[in-house]
Amino acid sequence: MADTLPAPARRRPWSHPTRPGVDLALAISLFVLEVGWLALDWVYGYGLEVWAAQSDQARIDAADLAHMGRVRGLLIAVVVLAVLAAIFRAPRTVIAHVLVALLVGGSLTAAQHEWDHSHTPPGCVHYSAGC
C-alpha cells in the first residue's frame, strides 16, 4: 500500500491559549498605548482646542462634541480588541482592555453628563414639550 501523509493540523486561535510572554507583552503595550492616547487627546486634542477658542462658545461646543466622538471611537476599538483577545485566549490582554474600557467609559459618561448639565436651561424638565 502507498503511504499517505497525514493532513496538517489546523491551528485555530481558540484551540490553544496564547503564550504568557506574548500575552503580557501585548497587555502592557496596548494598555500604555490606549491610556496614553486618551490622555494626549484630552490635553492636546480637547484642551488646546478649548484654549484656542478664546471663549467662543460655538467652538467650545464643537470641541466638546468632537472629543466625545473620539472617545466613543476609542471605546469601540477597545471593546473590539478585548473580544479579539478573548477569542485568542489571552487573559491578561482581556483584563487590560476591560480596565481601559472602564476608564474610557467613565470619562465618556462624565463628558456626556457635563454636556447635558451645561446645555439644559434652568428649571427645564427633560421630558416636557418646552425643552
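Mentor: What follows is a set of questions about a predicted model, each answered by setting a value against a cut-off.

Trainee: What makes up the secondary structure of the chain?

Mentor: The chain has three helices and zero strands. Read from the N terminus, the order of elements is α-α-α.

Trainee: Why is His97 called buried?

Mentor: Buried means under 20% relative accessible area. His97 has 1% relative accessibility, so His97 counts as buried. His97 sits in helix α3, residues 91–118.

Trainee: Which residues does His97 touch?

Mentor: Leaving out residues up to four places away in sequence, His97 touches Leu30, Glu34, Val78, Leu81 and Ala82.

Trainee: How much of the chain counts as buried?

Mentor: The chain has 131 residues, and 23% of them count as buried.

Trainee: What makes a group of residues a nonpolar core, and which residues make up the largest one?

Mentor: The residues must be buried, of a nonpolar kind, and joined through side-chain atoms within 4.5 Å. The largest such core has ten residues: Leu38, Met68, Val71, Leu74, Val78, Val100, Ala101, Val104, Leu108 and Ala111. Helices α2 (57–87) and α3 each supply at least two residues of this core, and α3 gives the most, with five residues. In general, nonpolar side chains tend to be buried together in soluble globular proteins.

Trainee: What does Val100 touch?

Mentor: Val100, one of the core residues, touches Phe31, Glu34, Val35 and Val78, again not counting residues up to four places away in sequence.

Trainee: Is Phe31 buried, partly exposed or exposed, and how do you know?

Mentor: Phe31 lies in helix α1. Partly exposed covers the range between the 20% limit for buried and the 50% limit for exposed. Phe31 has 34% relative accessibility, so Phe31 counts as partly exposed.

Trainee: Which residues make the nonpolar surface patch?

Mentor: Phe31 belongs to it, together with Leu24, Ile28, Val32, Ile95, Val98, Leu99 and Leu102; the patch covers about 750 Å². Helices α1 (20–53) and α3 each supply at least two of its residues.

Trainee: Why do Asp23 and Arg92 count as a salt bridge?

Mentor: A salt bridge needs a side-chain nitrogen of Lys or Arg within 4 Å of a carboxyl oxygen of Asp or Glu. For Asp23 and Arg92 the N to O distance is 3.4 Å, so the pair qualifies. Asp23 counts as buried because its relative accessibility is 0%, whereas Arg92, at 40%, counts as partly exposed.

Trainee: How many salt bridges does the whole structure have?

Mentor: A search of the whole structure finds three. Another one joins Asp41 and Arg70, with the closest N and O atoms 2.7 Å apart, so this pair also meets the 4 Å limit. Asp41 is in helix α1 and Arg70 in helix α2, 29 residues apart. Asp41 is buried because its relative accessible area is 9%, while Arg70 has 29% relative accessibility and counts as partly exposed.

Trainee: What makes Glu49 and Arg59 a salt bridge?

Mentor: Their side chains meet at 3.4 Å, N to O, which is within 4 Å, and therefore they count. Glu49 in helix α1 and Arg59 in helix α2 are ten residues apart. Glu49 is partly exposed, with 32% relative accessible area, and Arg59 is partly exposed at 36%.

Conventions. Residues are numbered from 1 along each chain as its sequence is written. This is a predicted model: local features need pLDDT of at least 70, side-chain atom pairs count only at pLDDT 80 or more; totals for chains, interfaces and linings use all residues. Side-chain values use heavy atoms; hydrogens and water are left out. Helices (H or I, at least four residues) and strands (E, at least two) are DSSP runs, numbered from the N terminus. Buried means under 20% relative accessible area, exposed over 50%, partly exposed in between (1.4 Å probe, protein chains only). Contact means heavy atoms within 4.5 Å. Patches are made of residues with over 30% relative accessible area and no salt bridge: like charges are joined within 9 Å, nonpolar side chains (Val, Leu, Ile, Met, Phe, Trp, Tyr) within 5 Å. Accessible areas come from the Shrake-Rupley method with a 1.4 Å probe; for residues, only the protein chains shown count as cover.
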